[in-house]
Amino acid sequence: MYAAVAKGQPQVPHAPQVPQEQNNQKNRALNDEQIYQWLSELVRGTNRERALLELGKKREQYDDLALVLWNSFGVMTVLLEEIVSVYPFLNPPVLTASVSNRVCNALALLQCVASNVQTRGLFLSANFPLYLYPFLSTNSRQRSFEYLRLTSLGVIGALVKNDTPEVINFLLTTEIVPLCLNIMEISSELSKTVAIFILQKILLDDQGLSYICTTYERFHTVASVLSKMIDQLSLNTNVQSQAPQQSSNSSGRLLKHVVRCYMRLSDNLEARKALATILPEPLRDGTFSSILQDDVATKRCLAQLLSNINDQR
């Protein structure tokens with residue numbers, strides 16, 4: 001996992017580990033001396049917090065940063081130390097904004113590793129996602145906890161983004177579904193959107209759909225949370241109709257994922273039969289017409305969903 005240290009700074013194994021298309025780029029993390037200075041500071045220095053911040057700024061700049069992080073001596077261990085060090089602040093909930101920001105900078109680097117096709121499997125094999133679950137299990141509505149949940153969800157979202165069966169198989173052996181469902185009930189709209197995105201990606205996988213629909217209890221739990229989200233979105237839509245200046249963009253994003261989750265559930269015969277009787281009325285009566293007026297894809301998905309369940313009546 002780790003390379004040797006030479007000349008006082010973390011080193012990366014030989015360049016062939018970097019994809020060929022990255023080798024053809026002039027601007028790579030492998031060639032940035034500043035990257036190595038911050039890595040050295042992260043592992044051996046006295047200003048680890050600044051190193052986390054500065055490395056986080058580089059993650060959008062270099063496609064190969066994930067490889068550098070994973071293969072540099074001690075870096076992943078340090079990131080894990082940063083995560084575990086926050087556990088004592090979770091219960092009782094005494095997480096300060098500064099501590100939350102620091103661990104979120106570490107999580108941003110983990111998201112970089114989770115996003116990369118060459119490090120994603122290694123990331124899973126090392127069970128790194130499990131260390132984020134205590135953050136996802138928190139219920140406090142304080143901003144420091146909300147930010148922590150959202151950033152942790154971002155790491156899981158990066159894992160599922162590319163529809164890799166290996167990722168879904170891993171997640172289904174963990175508690176990610178109930179964790180996401182809880183966040184969909186108690187968190188901010190942005191966190192809800194990321195959580196339901198993860199749920200949608202799980203459902204889109206055949207194994208994930210089978211997992212959710214294997215028992216009526218699992219299906220009913222998922223359907224109940226989706227129904228509550230529709231009720232809240234319906235309420236928000238009524239408020240927005242009375243206050244036109246209020247943006248409905250975030251509600252539209254959330255509604256899109258809810259509709260797609262229902263649509264995917266309707267691909268299962270037993271679930272489709274159940275949805276024919278329990279699908280929330282606001283999805284049937286045009287409540288969301290104003291939100292969906294410019295979203296052709298979601299309107300088409302909703303129409304197909306209604307066609308699917310009407311066939312069961």
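Predicted model: local features only at pLDDT ≥ 70, side-chain atom pairs only at ≥ 80, totals over all residues.
**Close-up views of a pocket and its salt bridges**

View 1. Among the 17 lining residues, Arg59, Glu60, Gln111, Ser115 and Ala158 come closest to the pocket centre. Helices H6 (97-115), H9 (143-160) and H12 (189-204) are the elements that each give two or more residues to this lining. Helix H9 gives the most, with five residues.

**View 2. Lys201 and Asp163 form a salt bridge.** Here the closest N and O atoms are 3.0 Å apart. Lys201 sits in helix H12 and Asp163 in the loop between H9 and helix H10 (165-172), so the pair ties together parts that are 38 residues apart in sequence. Lys201 is buried, at 13% relative accessibility, whereas Asp163 is partly exposed, at 45%.

**View 3. Within helix H3 (residues 48-58), Lys57 and Glu54 lie three residues apart, about one turn of the helix.** Their side chains meet in a salt bridge, 3.5 Å from N to O. Take a look at the two ends: Lys57 is exposed, with a relative accessible area of 53%, while Glu54 is buried, with 14%.

**View 4. Asp267 meets Arg264 in a salt bridge, at 3.1 Å from N to O.** Asp267 is partly exposed, with a relative accessible area of 41%, and Arg264 counts as buried, at 13%.

**View 5. Arg48, Glu49, Glu81, Glu82 and Arg102 belong to one network.** They are joined by salt bridges that share partners. Across the whole structure, a search finds 15 salt bridges.

Definitions and conventions:
Residues numbered from 1 in each chain as written. Heavy atoms only, no water. 1 Å grid on protein atoms, 1.4 Å probe; cavity = no way out; pocket = protein on both sides within 12 Å on 5 of 7 lines; lining within 4 Å. Helix = DSSP H or I, 4+ residues; strand = E, 2+ residues; numbered from the N terminus. Salt bridge = Lys/Arg side-chain N within 4 Å of Asp/Glu carboxyl O. Buried < 20%, exposed > 50% of the residue type's maximum accessible area, 1.4 Å probe, protein only.
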